[in-house]
Amino acid sequence: MNSTAVLFAVFLLFAAVEGSPLYNKGRCRCIGSSADFIHLKRIEKFEVIPATPMCQQIEIVVTMKDTAEERCMNPKSKQAQNIINLLKKRSPQK
């Protein structure tokens with residue numbers, strides 16, 4: 001009887017672990033050095049990820065047109081600040 005209960009508990013544990021998302025949970029996407037400047041014609045997508053309790057820094061992820069590669073940009077760089085300000089002006093205010 002005890003082995004059946006233990007086996008049941010193990011199956012429940014595996015089901016709980018399998019359903020929990022691990023990617024990008026509790027980690028920063030941008031680790032290490034970031035680019036200060038990327039030519040605007042090469043940028044396909046510009047994504048600003050705000051700071052969270054799991055990652056205390058603002059992250060800027062840029063998707064490149066030619067390679068579809070994601071690169072991190074320094075959020076304190078002048079170019080990044082200019083793009084963020086431009087996006088704020090373009091977005092509808094609520």
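Me: Before I look at the whole chain, what do "buried" and "exposed" mean here?

Reply: A residue is called buried when its relative accessible area is under 20%, exposed when that value is over 50%, and partly exposed in between, using a 1.4 Å probe and protein chains only. In this chain of 94 residues, buried residues make up 20%. Please keep in mind that this is a predicted model, in which local features need pLDDT of at least 70 and side-chain atom pairs count only at pLDDT 80 or more, while totals for chains, interfaces and linings use all residues. Residues are numbered from 1 along each chain as its sequence is written, and side-chain values use heavy atoms, with hydrogens and water left out.

Me: How many helices and strands does the chain have, and in what order do the elements run?

Reply: Helices (H or I, at least four residues) and strands (E, at least two) are DSSP runs, numbered from the N terminus. Here there are two helices and three strands, and from the N terminus on they follow the order α-β-β-β-α.

Me: How should I read the length of a helix such as α2?

Reply: The expected span of a helix is 1.5 Å times one less than its number of residues. For α2, which has 13 residues, that span should be 18 Å, and because its end C-alpha atoms are 19 Å apart, the two values agree.

Me: Which residues of α2 are buried, and where do they lie around the helix?

Reply: An α-helix has 3.6 residues a turn, so residues three or four places apart point the same way. In α2 the buried residues are Gln-79, Ala-80, Ile-83 and Ile-84. Seen down the helix axis, they fall within an arc of 135 degrees (taken from the directions from the axis to the C-beta atoms), so they line one face of α2. The face turned away from that buried side carries the exposed residues Lys-78, Lys-88 and Lys-89.

Me: What do the buried residues of α2 pack against?

Reply: Contact means heavy atoms within 4.5 Å, and the buried residues of α2 pack against β1 (43-49), β2 (59-64) and β3. A nonpolar core is a set of buried Ala, Val, Leu, Ile, Met, Phe, Trp, Tyr and Cys residues joined through side-chain atoms within 4.5 Å. The largest such core has eleven residues, among them Ile-43, Phe-46, Val-62, Ala-80, Ile-83 and Ile-84, and the elements that give two or more residues to this core are β1, β2 and α2.

Me: Which residues does Ile-49 touch, and is this residue buried or exposed?

Reply: Ile-49 lies in strand β1 and is buried, because its relative accessible area is 17%. Not counting residues up to four places away in sequence, Ile-49 touches Arg-29, Gln-57, Ile-58, Glu-59 and Val-61. The C-alpha atoms of Ile-49 and Arg-29 are separated by 9.3 Å, although these residues are 20 apart along the chain.

Me: What does the side chain of Ser-77 reach?

Reply: A polar contact is a pair of N or O atoms within 3.5 Å; within protein, one must be able to donate a hydrogen and the other to accept it, and residues adjacent in sequence count only if both atoms are side-chain atoms. Ser-77 lies in the loop between β3 (70-73) and α2 (78-90), where its side chain reaches the backbone oxygen of Asp-36 at 3.3 Å and the backbone nitrogen of Ala-80 at 3.3 Å. Ser-77 counts as buried because its relative accessibility is 8%.
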